[in-house]
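Please look over the sequence and the structure below, and then follow the explanation step by step.

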Amino acid sequence: MAPAAIFLHGFGPRYDLPIAEWLYLYGAGGVVALSFVLVVVFGGDKVGTKAIEYPRRAVPSLIGFANSPWPRVVGGIVGVLSLAVVVVAGFFGSTRPELNPAEYFTWIFFWAATVILSGIVGNLWYLLNPWAALFDVISRAAPVRAARKLPDVGVWPATFFYLAFVCLELTSGMANRPWIVAIAAVVYSLVTLAGMAVFGRDEWLEHCEAFTVLFGIIGRFAPWEVERDASGRATMVYLRPWGVGLLQPYPAGWDRVVFVILMLSSLAFDGILATPAWQDFDIALEPIWLPMGSLGFFFVRTLGLLLLSVSFLLVFVAIMQLVIYFGSRKVELKTTVTAFALTLVPIALVYNAAHNYSYVLVQSQNILPLLNDPLGRGWHLFPSLAGFQPSFALAQAATVWYAQVILIVLGHVIAVYLSHLRAGERFRTAQRALLSQYPMLVLMIGYTMVSLSILAAPTTTGG
Amino acid sequence: MTRSRTAIVVVLVALFVVVGGVLIYANQSHGGQNVTINLTVTGASKMTPDNPSAHLNDEVTINIKSDTTGEVHLHGYDIPFDCTAGQVTSYTFKADKSGQFEIEWESTSTHLGFLVVS
């Protein structure tokens with residue numbers, strides 16, 4: 001097996017033990033039982049827009065913070081410096097991924113940790129986006145006017161860039177080569193800056209910049225909500241329960257549905273790579289990909305990712321047809337599918353957190369000894385950190401399992417609840433709304449079981 | 001009405017969380033034994049057995065006999081075994097981290113197996 005194949009999510013070995021069988025059964029049983037309790041307890045009592053009203057608390061003391069330019073200045077500096085670390089360390093640092101800060105910044109601090117934190121506290125990418133920050137600085141010095149109008153492309157370009165990034169991470173086999181990561185960062189930076197210059201900053205960010213679209217969705221899960229006036233000034237900041245922001249209006253479109261499904265399928269694929277099921281698939285296709293040489297690895301993994309994504313999409317659309325059938329109301333498929341797609345986001349987010357739990361808590365600590373010699377040049381900048389050994393205090397198997405199962409179940413409960421409220425808003429009577437939720441419940445239990453079973457599957461060297 | 005329904009769900013979820021915690025705590029292995037693991041590495045590429053295991057807090061002694069000279073590395077615990085062809089190299093340590101830890105032939109990054117600490 002190629003050495004690259006033993007690395008998971010970008011780079012780095014994985015220490016997690018698969019969840020024990022009895023705990024898996026406990027989690028699975030909990031998911032099913034709580035699902036039915038939710039359906040019975042919240043048996044469709046409200047319909048129309050009332051159904052998706054949620055409690056929120058005004059926090060006027062934060063209006064000043066929301067209007068202050070400083071969070072974005074500080075976030076922008078952190079974002080630009082991090083991008084610089086990825087590029088400089090990627091090109092000039094060690095070629096061993098575990099000794100190169102570019103890998104840590106890209107795959108742990110940005111890809112795993114920023115996503116999880118954004119779900120918990122709010123859209124951090126809005127503050128950190130290095131390209132937006134660079135563009136703002138440049139356009140302050142020399143105002144840039146958009147030369148062209150962006151055609152009506154929805155978020156398809158962002159979906160494409162997101163897929164490309166996921167391919168770099170999971171299917172290219174090159175995510176653990178720091179210089180490849182640096183090249184990707186430079187190319188994407190140039191494309192993004194050029195796109196903003198030609199088509200306008202916000203137009204490009206909202207339709208073509210993969211991470212702005214991604215964190216925009218994740219930020220809806222977070223517990224903060226800012227009301228702005230026409231000029232963009234914050235007039236009020238609200239605290240709301242986690243998840244309910246996903247019920248807010250969202251532009252309808254297959255592009256956005258595909259984006260959300262890709263969020264789910266790429267995460268699942270990351271986990272599936274480490275399971276025996278993937279090994280079997282990989283071996284079954286050997287006659288096709290082996291003759292392709294080094295391209296074979298990329299081919300078989302990309303094929304796996306695309307097949308999984310298409311299956312997820314088809315299953316979702318089929319279930320949505322059933323939801324609409326049971327809801328028995330003539331609704332536009334596209335609008336309804338988009339609205340329900342967002343209710344799956346909690347399942348994706350908690351799976352992400354569960355899957356990356358020990359990665360973020362343990363592997364991230366390996367950056368500390370690297371600070372002594374970040375580029376692998378024999379420097380001694382912080383000799384006291386050189387011998388640092390990561391602490392496993394928060395990542396012993398029992399703690400990891402507990403966190404994983406609890407996270408998965410909580411995410412599932414939030415998703416079922418949101419979907420139920422959404423049905424109330426979409427369909428005319430409470431009974432119809434309730435009826436429409438049975439297929440959705442089956443789908444959500446299915447997705448959650450996939451997440452749990454991946455976490456419980458014996459890990460192979462393929463992951 | 002909605003408030004009391006929400007309370008029912010919150011109580012049930014809390015119950016699930018607490019029972020899960022108790023179950024995990026009750027099922028935790030308490031280890032503390034002395035465990036000796038004998039491993040044989042052939043051709044710098046194959047190890048038997050390839051999935052040795054121990055329990056958390058065991059005092060583990062690993063003896064490695066290799067037919068090739070070179071380093072066998074236990075990741076996670078970060079222990080290097082500098083093997084000399086035909087001789088046994090030993091190391092004793094406390095298994096204070098749980099998980100599965102890769103064992104590699106260091107110079108070629110060849111995967112030899114996992115030490116599972118549960």
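**Two helices side by side**

In this predicted model, α16(A) and α19(A) are roughly parallel to each other, a description used for angles under 35 degrees. The axes of α16 (residues 345-361) and α19 (residues 430-456) of chain A cross at roughly 5° and come within 11 Å, where axes are lines fitted to C-alpha atoms over the stretch in contact and angles run from 0 to 180 degrees between N-to-C directions. On the α16(A) side the contact is made by I347(A), Y351(A) and A354(A), and on the α19(A) side by M444(A), Y447(A), T448(A), S451(A) and L455(A); two residues are in contact if their C-beta atoms, placed from the backbone, lie within 7 Å.

Residues are numbered from 1 along each chain as its sequence is written, while chains are lettered from A and ligands numbered from 1 in the order in which they are written. Because this is a predicted model, local features need pLDDT of at least 70 and side-chain atom pairs count only at pLDDT 80 or more, whereas totals for chains, interfaces and linings use all residues.

Chain A as a whole has 19 helices and 3 strands, which are DSSP runs (helices H or I, at least four residues; strands E, at least two) numbered from the N terminus. Its C-alpha trace spans about 70 × 55 × 45 Å along the principal axes of chain A.

Turning to the partner chain, 25 residues of chain B are in contact with 27 residues of chain A. On the side of chain B that touches chain A, α1(B) gives the most, with 11 residues.

Key
Parallel < 35°, antiparallel > 145°, perpendicular 65-115°, else oblique.
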